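Dear colleague,

Please find below the structure for your files. My notes on it follow directly after.

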Amino acid sequence: MFRMTKECFDQLCRRIIASVGEKKFKSEQYIESVLKSKSIYAAHEMTSGGYICGEVKLALTLRMLAGGSYLDLSLIFHCRDTYVTTIFHNVIREWICNDDVISYPNELYFKDIEAMKKTACGFAQGTNNGVLSGCIGALDGWLVKIRKPSFKKDGIKNAAGYFSRKGFYAINCQVIVDHKKRILWRSIKCRGAEHDSTAFKKTKLYQLLVEDRDVFIRNRLYIIGDSAYALMAFLLKPFDNATPYSDEDAFNFYLSSSRIKVECCFGEVDARWGILWKPLPYTMDDNLKVVDATMRLHNFIVDYREGNKESEQTLVSEMSIFEQETIAFMNSNNDEGDEFLIGVHNQSEEHIPNAVGRPRSVDVILRDAGIALRNSICCKFKARGMKRPDRLGTAQMYSRGYFGRVQEEV
């Protein structure tokens, strides 16, 4: 119901208390031991019905993120329906999206050589047998559905910029994950109509990577992406139109086998948080906070799994429950059209938009360095005799679920 175990929930409560303090969180224990003995407690109970403890506020928020209705939650938790939404947004802004509670490495990660090399070792231990030994993250774009933005509510004059080629209004999220599907960096400020390559080039991270390109070239470190991105010294993509079972096709296969971690991450976030199954109905600022909250909670759950050595089978059993709820949701909204189409929506089928004008000298340098790096890795696959396995081979470790979500086979 709340998309995490009780032990995980308790750990999240403790982390919030450590950040904001007991006085602001107001746990059940704090209310019983401290506030009940004060006269303000009786006055508060007579006028507004009493305090709502922090555990209830957090549980209410998690259930709304999981797709629960604020009307149902107002009955379950005995509070006004209008106040449910207030609690929801306050908890997201002040607790979940608080960097002291849950944070991302973000740009700092790409300045920490040791951290990047540690992640690269994790990717190298995958299906590529150590050939992709410099991969420090998998990059992809994710379209999150929203209601049509307006000037009155959001200050947006041209809503067409948010209308994606998938047929709905959306926010374009650019995300980089590690081999554990942990989100290392994200940007959630681009419009749904923007191409993945354009959206990535607008971020601060892209400027940082361009400025520090010599560091990445010297250490042979790089991000991996799909065909939607431009090939650069620090960003590798598949070969276009590779001949089946050629050396280029082998490179594409093993690159995709590592890059699929980011799609698995999107699939887990999308399946866990049912609020993403429908277009987000809030203001643009609140929509961005909701998306950010789902990704921060994903990181928290991944860290919890790692810290408690939970098996992949535990995740599979959890996801099967989410899948059943998703199927029930789809069956109840099968006449609503594409607006309620569930799943991970990205721009992977699109190719890079043609650049206008003469390329900058730095773009040419980055592209040529990327070509050289990709060719050298391709030669390593050739030297080891590594090819794309056939359909009966053992290297196929992923499948697609009911809604086309990529999932790992156990």
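Strand β3 is largely enclosed by the rest of the structure, because 7 of its 9 residues are buried. Buried means under 20% relative accessible area, exposed over 50% and partly exposed in between, with a 1.4 Å probe and protein chains only. Strands (E, at least two residues) and helices (H or I, at least four) are DSSP runs, numbered from the N terminus.

Please note that this is a predicted model, in which local features need pLDDT of at least 70 and side-chain atom pairs count only at pLDDT 80 or more, while totals for chains, interfaces and linings use all residues. Residues are numbered from 1 along each chain as its sequence is written, and side-chain values use heavy atoms, with hydrogens and water left out.

The sheet

β3 belongs to an open sheet of 5 strands, with mixed pairing and the order β3-β2-β1-β4-β5. Two strands pair if DSSP finds at least two bridges between them. The edges are formed by β3 (183-191) and β5 (235-236); each has a single partner strand, so one side of each is left without a neighbour in the sheet.

β3 and β2 (residues 170-177) run antiparallel and are joined by 6 bridges. Across this pair, I176 stands opposite W185 in β3, and V175 stands opposite R186 in β3. The two strands form a hairpin with 5 residues between them, and K181 in the turn has a positive phi of about 70 degrees.

Helix α8 (residues 113-124) packs on the sheet, where it touches β1 (135-145) and β2; the directions of α8 and β1 make an angle of about 85 degrees. T119 has its place in α8. Why does T119 count as buried? The reason is its relative accessibility of 7%. Not counting residues up to four places away in sequence, T119 touches Y109, C135, I136, D178 and H179, where a contact means heavy atoms within 4.5 Å.

Helices

The axes of α13 (residues 247-272) and α14 (residues 284-307) come within 10 Å and cross at roughly 110 degrees. α13 and α14 are therefore roughly perpendicular to each other; angles of 65 to 115 degrees count as such, those under 35 as roughly parallel, those over 145 as roughly antiparallel and the rest as oblique. Axes are lines fitted to C-alpha atoms, for helices over the stretch in contact, and angles run from 0 to 180 degrees between N-to-C directions. On the α13 side, the contact is made by C265, E268, V269 and R272, and on the α14 side by T294, H298, I301 and R305.

In helix α11 (residues 204-211), the buried residues are L205, Y206, L208, L209 and V210. Their cover includes β2, β3, α10 (196-201), α12 (213-219), β4 (222-224) and α16 (361-383).

Nonpolar cores

A nonpolar core is a set of buried Ala, Val, Leu, Ile, Met, Phe, Trp, Tyr and Cys residues joined through side-chain atoms within 4.5 Å. The largest has 77 residues, of which L12, L58, L65, L236, L297 and I377 touch the most other members. α14 gives the largest share of this core, 9 residues. Another core, of 27 residues, lies apart from it and has F110, Y206, A228 and A233 among its members.

The chain as a whole

The protein chain has 16 helices and 7 strands. Of its 410 residues, 50% are buried.

With kind regards
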